[in-house]
Every structure is written in structure tokens, then in C-alpha cells.
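Dear colleague,

I am passing on the structure below, and after it I set out what was found in it. Please read the notes with the coordinates open beside you.

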Amino acid sequence: MNGTPCIAAIVIAGSMRPHPGRALRRPYEHRCPPDLDFRLRLGHGPHMANNESIDGTTLQKQAAALAPDEIPAIASLRRIAESNPDRPFVVAQLGQSLDGRIATPGGESRYINAAAGLDHLHRLRACVDAVVVGAGTIEADDPELTVRRCAGRNPARIVVDPRSRLDWGGRWLARDGARRVLVTSNARVAPPGVETVALPADSGAIAPHEIILALHRLGFARILVEGGARTVSSFIDAGAIDRLHLIVACMIIGSGRTGLDLRPLLRLGDALRPPTEVCRLGERDVLFDCDLRAAAERE
Ligand SMILES: NC(=O)c1ccc[n+]([C@@H]2O[C@H](COP(=O)([O-])OP(=O)(O)OC[C@H]3O[C@@H](n4cnc5c(N)ncnc54)[C@H](OP(=O)(O)O)[C@@H]3O)[C@@H](O)[C@H]2O)c1
């Protein structure tokens, strides 16, 4: 292969110090030209600030911070960032415990994932044009939905609130230059600067495919459905998700809100069995990158 040696290759070549405590393994002894640029564009590692220029010192710091195990996670992000913008590419994520919980019975969910899992979520945001959440997440968490743990542009923030249960006070409405879009099923008038998309609802549910098509018409090709459980589940049930990033934390909560809750199956044989890439994110989290599109096409 031609091109710039990836950071792992540089590390293995002996010119830089490997990540402490990690064995170097053969699979990383290859040249991977796009990965280096891609990691640097995303500001991989704790040393990179927005718009910081790349020089030798920065590269040295990046390489010292890199865990070889994280390389597959970078590949999973490239797949999204380099998808064909002519059609929507939709990735969903959920951070959950080993027992499939996303919050305690009282709704506490910050933070199930450790630092590396949270870094991955912020890199996901940096890769997409728009991030979608349901009204329940805005109500429970009042999230900012911005890119803060890596370099990158804030995606547009899309909130699905068909019954207008939210007021106009959430942090997703911050005027930071990112587009803000309310998806509703009525004629609600939004504050200046907030776009609205009105779509018909059937028994309260807006078809996820209609939401994705409407967002694509607004210019958003790479879309992250970030939560919560009901929103991600309804998009998967509708076959509207290309990839699912399940970030599993080595933690057992034992009670509380479950993550995915899909339409009941009649037979185990009907279960989704997506081709899945697995990689560690730091010491505490594991990423399962599931190809739901391939699973659907196999049926
Ligand atoms: N661990 C994680 O990765 C993660 C990420 C995000 C959130 N969370 C947690 O998840 C919990 C919130 O999740 P949740 O399941 O209660 O709520 P949610 O998925 O955030 O929001 C669900 C609501 O959004 C609206 N909605 C979403 N999709 C819709 C569609 N296609 N058509 C019509 N309406 C749609 C509906 O509002 P109406 O009910 O008004 O009709 C629906 O009830 C919180 O505890 C939060 O902390 C965890």
C-alpha cells in the first residue's frame, strides 16, 4: 500500500513510544494512508484543539496518546464520514451497561461510558451533519449535543417532538451557529432561527424514513440518531438505520431503563444478526459496530 504510514505503523517502527502497558501486535504493522489524515482531522487524542495546525510535535503527542486497540474504531468513523452524500447514511448509537441498561430506575445516566466511550460519541458527532434525539432525551438530560471532546464542527441538532411537549428553554437551542430543527406533527411556530419540519403522524408516530428523507432534503446526508431508547428502537424497527454503534460499558446496573426495545419476535430465527466489528475503547468500554443494512438485506 502507498501513502503515509499510520501512527501505529510509526510506533511499531520504533520511532515513537507505544501506548503504555499495551502489547504491540502484528495486525497493526501495515500502512494505512487515510487513517492518519482522518485521525488528525478529527483531532484524535487529548492534545488537539479545534483548528490546531499539524506539526511534528503534535504528531508525536498524538502517537504517544494512541492506543493500538482504537484503530478499528477510527475505521468505523471513516465509514460514516466518507459515505456517499447523495443518499442518507444513518448511524444510531446507545451507551449501555453489560446488562443492557441506559439509565437507573430514577433516570440517572451520566455517565455510563468511560472517557474513551465518550470520546467516541463526540467523534461520531464530529463526523455527521446532524444529530437526532427524541423529546424524552431533551426532557431527561437537556443535552448540548455539541462536539467538545475532540476537534470538529458541531452538527445540526434535530429534535423529534410530535406533540409539542417541550418548551423553548433547552440547551439544544443555543445560538452557536449550528442549525436547529424541530420535527413535529403539528403547525407549531418555532422561535426565530429554529427550522421546523412538519410531518404526518400515525397514532402519534412519525415514520422514521420520512424524517430521514426530510432531513436529507434540508441538506443533511450523514445523520446520527443519538437517543434515547425509544427513538433509536423505532428507527431500527423501521429499517432506517445503516449502522448501530453500541458502546458497552463494563458495568452492571441491574435495574432501570433498558436500551433497545424492538417489536416482539415470534421466533428466535427472526432475530437480527448483523455483521459486527468489535473493538475496545480504552479500558472500560467496548464498541460493537453493527451493520444493520447488511442484516436487513440478508433477510
Ligand atoms: N445511553 C445513551 O446512549 C442515551 C442516549 C440518549 C438518551 N439516553 C437516555 O434515554 C432516556 C430517554 O429515552 P426515551 O426512550 O425515554 O426517550 P427518547 O427516545 O429520547 O424520546 C422519545 C420520544 O420522542 C418522540 N419521538 C421519537 N421518535 C419519534 C417518531 N418517529 N415519531 C414520533 N415521535 C417520536 C416521542 O415523543 P412523544 O412521546 O411526545 O410522542 C417519543 O416518545 C433518558 O433517560 C436519557 O438519559 C441515553
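Leucine 272 lies in the loop between β9 (257–258) and β10, and, like everything else described here, its placement comes from a predicted model. Leucine 272 is classed as partly exposed because 15 other C-beta atoms are found within 10 Å, a count that falls between the limit of 12 or fewer for exposed residues and that of 20 or more for buried ones. Once residues up to four places away in sequence are set aside, leucine 272 touches Leu292 and Ala295. Its C-alpha atom is also separated by 9.8 Å from that of arginine 298, a residue 26 places away along the chain.

Arginine 273 is found in that loop between β9 and β10 as well, and it counts as exposed because it has 12 C-beta neighbours inside 10 Å.

Of the contacts between residues at least 6 apart in sequence, 70% join residues that are at least 24 apart.

Nine strands form an open sheet with mixed pairing, in the order β6-β5-β4-β3-β7-β1-β8-β11-β10. Its edge strands, each of which pairs on one side only, are β6 (194–198) and β10 (276–281). If direction is ignored, neighbouring strands of this sheet are turned by 20 degrees against each other on average.

Within the sheet, β1 deserves a paragraph of its own. Nine of the nine residues of β1 are buried, and both of its faces are covered, with Phe89, Val91, Gln93, Gly95 and Ser97 on one side and Val90, Ala92, Leu94 and Gln96 on the other. In a regular strand the side chains alternate between the two faces of the sheet. β1 pairs with β7 in the parallel sense over four bridges, and in that pairing valine 91 has leucine 224 of β7 as its bridge partner. The pairing of β1 with β8 is likewise parallel and runs over seven bridges, with leucine 94 standing opposite leucine 246 in β8.

Elsewhere in the sheet, strand β4 (residues 156–160) and strand β5 (residues 180–184) pair in the parallel sense over four bridges, and isoleucine 158 stands opposite valine 181 in β5.

Helix α4 (residues 71–81) lies across β1, β7, β8 (243–249), β10 and β11 (285–291), and it runs at about 125 degrees to β10. Helix α5 packs on the sheet, where it touches β1, β3, β7, β8, β10 and β11, and its direction makes about 165 degrees with that of β1.

Helix α5 (residues 115–127) has 13 residues and reaches 18 Å from its first C-alpha to its last, close to the 18 Å expected at 1.5 Å a residue.

Valine 133 is a residue of strand β3, and it counts as buried because 23 C-beta neighbours lie inside 10 Å. Leaving out residues up to four places away in sequence, valine 133 touches Ile138, Pro143, Leu145, Val159, Glu226, Gly227 and Thr231. Valine 133 and valine 160 are 27 residues apart in sequence, yet 6.4 Å apart in space from C-alpha to C-alpha.

The last topic is the ligand, which is surrounded by 31 residues, the closest being Gly134, Gly136, Gly227, Gly228 and Arg230. The elements that contribute two or more residues to this shell are β1 (89–97), β2 (101–103), β3 (130–134), α6 (135–141), β7 (222–227) and α8 (229–237), and α6 gives the most, with five residues. By type, the shell around the ligand divides into 14 nonpolar, eleven polar and six charged residues.

With best regards

Definitions and conventions:
Residues are numbered from 1 along each chain as its sequence is written. This is a predicted model: local features need pLDDT of at least 70, side-chain atom pairs count only at pLDDT 80 or more; totals for chains, interfaces and linings use all residues. The expected span of a helix is 1.5 Å times one less than its number of residues. A residue is near a molecule or strand if its C-beta atom, placed from the backbone, lies within 6 Å of it. Ala, Val, Leu, Ile, Met, Phe, Trp, Tyr, Cys and Pro count as nonpolar, Asp, Glu, Lys and Arg as charged, and the others, Gly among them, as polar. Two strands pair if DSSP finds at least two bridges between them. Axes are lines fitted to C-alpha atoms, for helices over the stretch in contact, and angles run from 0 to 180 degrees between N-to-C directions. Two residues are in contact if their C-beta atoms, placed from the backbone, lie within 7 Å.
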